[in-house]
Amino acid sequence: MISVLRLNHRKRDKRITTHCALTARAFGAKEMTFTGENDPNIIESVERVVEKWGGNFKIKHAENWKKEIKNKKTKVHLTFYGERLKDKIKELKGKDIQVIIGGEKVPREIYDKADYNISIGSQPHSEVAALAIFLYEYSNYKIPEKFKNWKIKITPSEKSKKIKTRQ
Ligand code: SAM
């Protein structure tokens with residue numbers, strides 16, 4: 001099971017942290033914890049998505065990242081300073097992983113506590129992009145298609161919007 005730890009949320013990053021959670025859910029992670037400023041709006045909006053679109057993704061806020069480090073899991077910190085994903089992905093596949101993504105500043109200790117510091121290219125981009133690519137490669141390029149207990153679902157279509165709903 002993949003868990004995500006998103007560090008150092010600031011209220012002005014509301015959309016980015018929400019997008020981290022939605023990306024985590026859509027690409028196969030089962031939970032995300034965010035640290036930094038608490039923001040119940042993020043939790044509510046992600047829970048509304050889960051309620052409508054299904055699955056059992058969980059999101060929570062935590063005060064202290066140190067208590068959220070999952071030592072039983074393989075801890076993969078995504079950072080542009082890290083080793084190349086393509087050099088490590090074979091070792092990581094199939095492992096029970098905690099993915100750690102940062103915000104503006106990442107404490108030095110995270111680099112030491114992580115089992116792997118992994119880069120998705122060595123250029124700066126975004127925690128959302130890094131997470132998406134990591135999850136996509138980890139899952140052998142398969143994007144989950146089934147989310148249990150959905151109330152709304154899209155049928156892929158060439159030109160129209162095909163939406164199924166149920167109670
Ligand atoms: N100094 C950061 C770093 O170490 O990658 C860049 C800060 S960036 C605004 C916020 C987060 O995006 C980072 O903490 C990291 O998780 C992720 N990120 C950005 N570029 C990345 C890259 N090329 N590879 C992996 N993760 C990246």
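This is a predicted model: local features need pLDDT of at least 70, side-chain atom pairs count only at pLDDT 80 or more; totals for chains, interfaces and linings use all residues.

Colleague: What comes just after α2?

Modeller: G54, with a positive phi of about 95°.

Colleague: Step back a bit. How many helices and strands in the protein chain?

Modeller: Six helices and eight strands. From the N terminus the order is β-α-β-α-β-α-β-α-β-α-β-α-β-β.

Colleague: How does the radius of gyration compare with the globule rule?

Modeller: The radius of gyration is 16 Å, close to the 15 Å the rule gives for 167 residues, so the chain is as compact as a globular protein of that length. The C-alpha trace spans about 45 × 35 × 30 Å along its principal axes.

Colleague: What share of the residues is buried?

Modeller: Buried residues are 43% of the 167. The accessible surface comes to about 10,300 Å², and 50% of that belongs to carbon and sulfur atoms.

Colleague: And what about contacts between residues at least 24 apart?

Modeller: They make up 78% of the contacts between residues at least 6 apart in sequence.

Colleague: Back to helices. Which residues of α1 are buried?

Modeller: T17, T18, C20, A21, T23, A24 and R25. Their cover includes β1, β2, α2, β3, β5 and α6.

Colleague: How far does α1 reach?

Modeller: α1 has 13 residues and reaches 18 Å from first C-alpha to last, close to the 18 Å expected at 1.5 Å a residue. G28 follows α1, and its phi is positive, near 110°.

Colleague: What caps the N-terminal end of α6?

Modeller: S126 does, with a side-chain oxygen 2.9 Å from the backbone nitrogen of V128. After α6 comes N140, whose phi is positive, near 55°.

Colleague: On to the core. How many residues are in the largest nonpolar one?

Modeller: It has 31, and F57, I59, L78, V99 and F134 have the most contacts inside it. Elements giving two or more residues to this core are α1, β2, α2, β4, α4, β5, β6 (116–119) and α6.

Colleague: Which element gives the largest share of this core?

Modeller: α6, with six residues. There is also a second, separate core of six residues, which includes L5, L7, W65 and I69.

Colleague: What is V99 in contact with, neighbours within four places aside?

Modeller: I2, S3, V4, L5, V76, L78, L131 and F134.

Colleague: Single residues next. Where is G102?

Modeller: In the loop between β5 and α5 (108–113).

Colleague: Buried or exposed?

Modeller: G102 is buried, with a relative accessible area of 9%. Leaving out neighbours within four places in sequence, G102 is in contact with R6, L7 and E127.

Colleague: How far is G102 from K164?

Modeller: Their C-alpha atoms are separated by 36 Å, and the two residues are 62 apart along the chain.

Colleague: Last one: S119. Which strand is it in?

Modeller: S119 lies in β6. At 0% relative accessibility, S119 counts as buried.

Colleague: What does the side chain of S119 reach?

Modeller: The backbone oxygen of G82, at 3.0 Å. Beyond residues up to four places away in sequence, S119 touches T79, F80, G82, E83, R84 and L85.

Colleague: Thanks, that covers my list.

Definitions and conventions:
Residues are numbered from 1 along each chain as its sequence is written. Side-chain values use heavy atoms; hydrogens and water are left out. A polar contact is a pair of N or O atoms within 3.5 Å; within protein, one must be able to donate a hydrogen and the other to accept it, and residues adjacent in sequence count only if both atoms are side-chain atoms. Helices (H or I, at least four residues) and strands (E, at least two) are DSSP runs, numbered from the N terminus. The radius of gyration is taken over C-alpha atoms; the globule rule is 2.2 Å times the number of residues to the power 0.38. Buried means under 20% relative accessible area, exposed over 50%, partly exposed in between (1.4 Å probe, protein chains only). Contact means heavy atoms within 4.5 Å. Accessible areas come from the Shrake-Rupley method with a 1.4 Å probe; for residues, only the protein chains shown count as cover. A nonpolar core is a set of buried Ala, Val, Leu, Ile, Met, Phe, Trp, Tyr and Cys residues joined through side-chain atoms within 4.5 Å. The expected span of a helix is 1.5 Å times one less than its number of residues.
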